[in-house]
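Work through the exercises below with the structure open beside you. Try each task before you read its solution.

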Amino acid sequence: MYKVFFNDSTIRIDAQSKTSSKNNIIQIAVNEDHVFADKLLARIEAEGVKQDFVILNDNPQKLWKSFRKQLTELPAAGGLVINEHRELLFIKRLGVWDLPKGKIEKKESPENAAIREVEEECGIKGLQIIRQLDSTFHIYRNSFVKSPNNLVLKETKWFLMSAENNQSLTPQTEENIEEVRWFALHELDQVMENTYSSIREFLQKTLPLL
């Protein structure tokens, strides 16, 4: 199963239909041609409401590869940072809580990019990678490229990291980061109420495994 976020909507490519845990209506789209991605994304933008699509196919892996080829890919990496008190590190960018992440540079490994981005965005040092976590995928329009050929697919490779909590945190203001803060697990409702759908789902899936 492959899942990607676009605005507040989701597109899932799967071999079989599944109902959602919240019993909300799922719209089914069966692929018939190679330009289905453009058609589906255009529909989401035109209708302007949250929608959850499932694309069914006998070979979801092949279909996912075809889907990705229709978009410009931008590789990124980031970190879910935990300290000795089991607090998690978040940034607030443009008023929304998020996890630190950024673009993977040429010839840079995802691990090194993740550490670099967390250090730059949070002003933190001494990070250690514990293990790799699941990637997230989301689509957005690149404002520097003329529409309609400006759709970007960002895969963010996530890593669980450890860090000491007794150091100063400095938000990278030139990246529009307003605040960097440790959250205890019992405080995460504040994050969940004001974060992106992809981050919320990622945390809901990841936190029970910590």
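**Exercise 1. Confidence**

Task: This is a predicted model. Find the mean pLDDT of the chain, and find what share of its residues reach 70 or more.

Solution: 
- Step 1. The mean pLDDT of the protein chain is 89.
- Step 2. A share of 90% of the residues reach 70 or more.
- Step 3. Now look at residues 21–25, where the pLDDT is below 50. Beyond near neighbours in sequence, this stretch has one contact in the model.

**Exercise 2. Helix α3**

Task: Compare the span of helix α3 with the span expected at 1.5 Å a residue. Then say which of its residues are buried, and what covers them.

Solution: 
- Step 1. Helix α3 covers residues 110–122, which is 13 residues.
- Step 2. The expected span is 1.5 Å times one less than the number of residues. For α3 this gives 18 Å.
- Step 3. From first C-alpha to last, α3 reaches 18 Å, close to the expected value.
- Step 4. The buried residues of α3 are Ala 113, Ala 114, Arg 116, Glu 117, Val 118, Glu 121 and Cys 122.
- Step 5. Their cover includes the strands β5 (72–82), β6 (88–93), β8 (101–103), β11 (151–162) and β12 (177–183).
- Step 6. Check what comes after the helix. Gly 123 follows α3, and its phi is positive, near 65°.

**Exercise 3. Aromatic rings**

Task: The structure holds six aromatic pairs. Classify the pair of Trp 64 and Phe 67 from its geometry.

Solution: 
- Step 1. A pair of rings is described by the distance of the centres and the angle of the planes.
- Step 2. The centres of the Trp 64 and Phe 67 rings are 5.9 Å apart, and their planes meet at 10°. Planes under 30 degrees apart count as stacked, so this pair is stacked.
- Step 3. Locate the pair. Trp 64 and Phe 67 both belong to helix α2 (residues 60–69), three residues apart, about one turn of the helix. Residues three or four places apart in an α-helix point the same way, because there are 3.6 residues a turn.
- Step 4. Both Trp 64 and Phe 67 are buried.
- Step 5. Trp 64 is in helix α2 and Phe 137 is in strand β10 (residues 136–141), so the pair ties together parts 73 residues apart in sequence. Phe 137 is buried, as is Trp 64.
- Step 6. Tyr 2, Trp 64, Phe 67 and Phe 137 make up one aromatic cluster.

**Exercise 4. Buried or exposed?**

Task: Are Ser 198, Leu 207, Asn 7 and Lys 107 buried, partly exposed or exposed?

Solution: 
- Step 1. Recall the cut-offs: buried is under 20%, exposed is over 50%, and partly exposed is in between.
- Step 2. Ser 198, in helix α5, has 14% relative accessibility, so it counts as buried. Ser 198 touches Phe 5 and Thr 136, not counting residues up to four places away in sequence.
- Step 3. Leu 207 lies in the segment after α5. Its value is 21%, so Leu 207 counts as partly exposed.
- Step 4. Asn 7 sits in the loop between β1 and β2. At 54%, Asn 7 counts as exposed. Its phi is positive, near 55°, and Asn 7 is not a glycine.
- Step 5. Lys 107 sits in the loop between β8 and α3. At 91%, Lys 107 counts as exposed. Its phi is positive too, about 65°, although Lys 107 is not a glycine.

Conventions: Residues are numbered from 1 along each chain as its sequence is written. This is a predicted model: local features need pLDDT of at least 70, side-chain atom pairs count only at pLDDT 80 or more; totals for chains, interfaces and linings use all residues. Side-chain values use heavy atoms; hydrogens and water are left out. Helices (H or I, at least four residues) and strands (E, at least two) are DSSP runs, numbered from the N terminus. Buried means under 20% relative accessible area, exposed over 50%, partly exposed in between (1.4 Å probe, protein chains only). Contact means heavy atoms within 4.5 Å. Rings of Phe, Tyr and Trp (its six-membered ring) pair if their centres lie within 6.5 Å; planes under 30 degrees apart count as stacked, over 60 as edge-to-face and the rest as tilted. pLDDT is the predictor's confidence in each residue, from 0 to 100.
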